[in-house]
Amino acid sequence: MQELFSTKPLPRPAWAERHGRLWTALLALGLLVCSIVLAVVLRNGSTYATGSWDDYSQQLVFGRMLQMQQDQSTPGGFMGVYTEDWGDSQNRYWYRDNAPMDPADFHSYTHQSGLQGTALGILNKVYSVFEDDGAARETLLYTTNAVLFYALTLTLCLALYRAAGALPALGWLAAALLAPGIQTGMKDLYWCLWVWLLPVLAGILLCAVTLRRGHTPAWTFVLVGLACLVRCMCGFEFVSTFLILAETPLVFCWATALLRRLPGRPWVLRMVGTGVAAVGGVLAALLVWLCQGFAFFGSWQESLDNLLGAAGSRISVSDGSVREGVTIPGVLYKYFVADATPALRLGSLSLSLGMLLALTLAAAAVVAAVLALLRRRQTLAGLAPMVLLWVLCVVAPASWLVLSKVHSDIHSHLIPVLFQYSAVPASLALLGVLVAALFRAVRSRP
């Protein structure tokens, strides 16, 4: 019987076998073109068409970009803001109007490294060479973020196609197009959702190189660490989520190896190495943050106190002083059961996260029962890698609710997007695998 899961090459013409690098370049160009088309057609670069997400935090980036636009370097290397309220919406309009600012009006937000503010500040200066209008540059920056998110999502879908087939890959892509939080949030200049995908893509690359070469080069682990470093320098929130997701490709390969009666221990060791590399990237980002703080405060102790205070408020160290009565079961219930925020939307039809997860579980139970009745034990066992991937993609965002229950309870506008970038697409991907498995079982029935 044909295996349900197999690592197979992408269909390509005969000349591509002789010109592998050219084929890779053309494939990358195709992904980029598709990403641009999606961003333009779905109007993800528009300031208003798809709505906005967490504009309050985004003001920090506008402040930093305006600061860099005017060649001002003080205060510090953090995100520059210039009102007493760091989320003042006036910042965005000053950016759009290219308003001249006095450096003395800036106040630093020192609770993260602010890589995205600096990187987008440089890109904003590049765009300003040929576009003086601030509103037009804002649209260009939004479009850039959306294109990068689509490009990385399509890359992930390509890997999923090679590992599990067309239906799960299409399911993951459909989620990115139908999840309202993703459609709104992908352009956000503060959160930069595309960097959220870097750790899992680094894990996928590690697996792909290992399968192709038969061993895991050291540089792939370094790449995992760098991906986590970049992700953390754009915000340490949700750290447990992307650390878990970086491991999901290796867990998938481990489960597939066991199904094929291949040694699983090498994959377990690679999981450990990936975890060490990922945590190393987080620690490196913390060191960068500490050094930034020293440059700003002039004292290692003040920098450390600032770092620990910011981190402590996010991982529920100071629960009592932030919000009383918040419990882990209560926060889990809030988002898995009570929250009616649409996880998927198609026209007037929508599904909440709880409804989608219940539908996925019900479909898995039905397909498992049918395969058992048809005595397709191999096909049923072949579902295990994708089921494990789905479980991890649900557990990963839920882990943040456990680690940071108070932050999660307060920032209720952020959490649905966290599930929509992992649990929701994984659910549609698993549904695709279930449909494919059922179809094959019924078709091959004597």
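A residue is called buried when its relative accessible area is under 20%, exposed when that area is over 50%, and partly exposed in between (1.4 Å probe, protein chains only). With that in hand, let's look around this structure.

This is a predicted model, in which local features need pLDDT of at least 70 and side-chain atom pairs count only at pLDDT 80 or more, while totals for chains, interfaces and linings use all residues. Residues are numbered from 1 along each chain as its sequence is written, and side-chain values use heavy atoms, leaving out hydrogens and water.

**Salt bridges**

Side chains of opposite charge can pair when their charged atoms come close. A salt bridge here is a side-chain nitrogen of Lys or Arg within 4 Å of a carboxyl oxygen of Asp or Glu. The structure holds four of them, including these:

| Pair | N to O distance |
|---|---|
| Asp 71 and Lys 125 | 2.5 Å |
| Glu 138 and Arg 96 | 3.1 Å |
| Asp 409 and Lys 334 | 3.2 Å |

Begin with Glu 138 and Arg 96, which are both buried. Glu 138 lies in helix α6 and Arg 96 in helix α4 (residues 90–96), so this pair ties together parts that are 42 residues apart in sequence. Helices (H or I, at least four residues) and strands (E, at least two) are DSSP runs, numbered from the N terminus. Arg 92 joins Arg 96 and Glu 138 in a network of salt bridges.

**The nonpolar core**

In soluble globular proteins, nonpolar side chains tend to be buried together. A nonpolar core is a set of buried Ala, Val, Leu, Ile, Met, Phe, Trp, Tyr and Cys residues joined through side-chain atoms within 4.5 Å. The largest one has 117 residues, and Trp 172, Trp 196 and Met 386 touch the most other members. Helix α6 (residues 134–164) gives this core its largest share, 13 residues.

**A hairpin**

Strands β3 (residues 342–346) and β4 (residues 349–352) run antiparallel and are joined by four bridges; two strands pair if DSSP finds at least two bridges between them. Arg 345 has Ser 350 in β4 as its bridge partner. Two residues separate the strands of this hairpin, and Gly 347 in the turn has a positive phi of about 65 degrees.
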